[in-house]
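Please examine the structure shown below.

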Amino acid sequence: MDREHVLNLLENLRKSLKDLQNNPIFTSNGSYSDIKSLLELHTKADSVFSKNPGLSKLSQLLCSIKTLLEKLEKFQDFGLKSLLSRQITGYKISQLAYSIEAEIQACIDRDSVENLVKTLLSEKEDEKVEVLIEFIKRLSKGFDSEFQDLILKAKVFSILETLLCDENCSKRVREHVALAISGLASFNRNVFVGLVLMGPTIQTLTSMDSSISIQVLCSLISLVRSPLIDEIHSRGEIPKILSLLSSENLSIRVAATDCICEIAYFGRREVIEAMLEQGLIPKLMELQRSKHKDQDGDNMENQPFANCVARFAVQVEVGEGLSSKEKEQVKLEILNRVRGYSVSEAESASIVAEVLWGSSP
C-alpha cells in the first residue's frame, strides 16, 4: 500500500476523532454524522492496517471503538436506561479516542523517523531538506519520550552530525541539518546537549561560512550558556568567531556580532578577556564606522552595527558570567581600548559616552 495513502488515512482518522470529541454524541451538540464518518474511515483503514504489523495495535483499537460506536447507535430513545447507557458508552469512547490519537501519532512518528533516516542516507538533496523541515517542525511541538526513543534507536543524531561535517554535502542541506541539531538540543537538553559537546558540531558550525550556522551556534549558547562557552574557548574557537566579523558576507558579520554579544552575556571573565586580547574592540569599531548597502546598492537606513561597541559592553554589564567587580574592571578595559583605537577625539568621545551611559543590548 502506498505510504502517502496510509498517512492520509491516519490524518483523516485523527481529524474524525477530533470531531467526535468536540461534538460527543451523548451531548445535545452531538451528531450521528461524526459516528458515520468514523465508521466509514474504519472500513477503509481496516483492510490496510490489519495487514501491516506496525499498525496492528491501531487496528485493534479501531475495532474496539467501532464496537462501542455501534453499541451507542442502539441507545437512541430517551428512556432512563438509554440515557445512562449513552453516558457510559460515550465516556468509554472518549477515553478510547485519546488512546487511538496517541497511537496514530506514534505511527506517524515511526514512519517519519524511518523516512528521515532513509532520505538522509540517500542522494536526493531536495527531499533531504523537506524531511529536515518536517523533523524540525515535529521537534518544536515539545518533548515526547516515545518520539525521543525513536530518534535514539534510529541513531538520528549521529547521521545528522555526519552530514553536518561532510564538506561534500551541499551548504543548503548542512544548514538545515544544523537547525535540526539545534532543535534536538531544545527538545531535550539533558540528552542531546551532551552529544553536541562531545562531537565536532561546534567546530563545524564556526567553520561553515554560513550565517545560519552561526545563528544556530548563538541559539545553542543561549540554551547551554557558560558550559558551552567554556567548551568553545577551550577548543580555540573564539578567534574563528571573531574572524567572521571581517567576512565579506553582511549576514555572517551580523550573525557573528549577535553571537559575540551572547557570549558576552554568559561568558566568564577569561573568555571576555580572550576576546579583548584578540582584537574584538577595534573590529567592532571598524564595523561601527562602516556604511552598509542593501542589495540594490542603497545605503541601509538601519545600520546593523550602530552602537555595537556599547551593545557588547552592556551585555557584559548586565550579563551572568562576571561578578560586579569584574564587570567594572572589564568596562574600564573596554573604555581604554576604545580611546586607544579611535581615529579621532570625536569618535572616542561618542563611543565612550555610549559605553558609559549604556545602549540597548
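The largest share of the lining of the largest pocket, nine residues, is supplied by α4. The model is predicted, so local features require pLDDT of at least 70 and side-chain atom pairs count only at pLDDT 80 or more, while totals for chains, interfaces and linings use all residues. Residues are numbered from 1 along each chain as its sequence is written, and side-chain values use heavy atoms, with hydrogens and water left out.

**The largest pocket**

- The volume of the largest pocket is about 600 Å³.
- Among the 24 residues lining the largest pocket, Arg 3, Leu 7, Ser 112, Asn 115 and Glu 134 are the closest to its centre.
- A pocket is an open set of points on a 1 Å grid over the protein atoms alone, where a 1.4 Å probe fits, with protein on both sides within 12 Å along at least five of seven lines; lining residues have an atom within 4 Å of a point.
- At least two lining residues come from each of α1 (3–22), α4 (80–120) and α5 (125–139); helices are DSSP runs (H or I, at least four residues), numbered from the N terminus.
- By class, the lining holds 14 charged, five polar and five nonpolar residues. Asp, Glu, Lys and Arg count as charged, Ala, Val, Leu, Ile, Met, Phe, Trp, Tyr, Cys and Pro as nonpolar, and the others, Gly among them, as polar.

**Aromatic pairs**

- Four aromatic pairs are found in a search of the whole structure. Rings of Phe, Tyr and Trp (its six-membered ring) pair if their centres lie within 6.5 Å; planes under 30 degrees apart count as stacked, over 60 as edge-to-face and the rest as tilted.
- Phe 135 and Phe 147 form a tilted pair, because their ring centres are 6.2 Å apart and their planes stand at 55°.
- This pair links distant parts of the chain, with Phe 135 in helix α5 and Phe 147 in helix α6 (residues 145–153), twelve residues apart.
- Phe 143 and Phe 187 are also a tilted pair, with ring centres 5.4 Å apart and planes at 45°.
- Here Phe 143 lies in the loop between α5 and α6 and Phe 187 in helix α8 (residues 171–187), 44 residues apart.
- One aromatic cluster is formed by Phe 135, Phe 143, Phe 147 and Phe 187.

**Burial of the rings**

- Phe 135 is buried at a relative accessible area of 1%, and Phe 147 is buried at 1%.
- Phe 187 is buried at 6%, whereas Phe 143 is partly exposed at 48%.
- Buried means under 20% relative accessible area, exposed over 50%, and partly exposed in between (1.4 Å probe, protein chains only).

Notes: Grid points are joined across faces, edges and corners, and a volume is the space filled by probe spheres set on the points.
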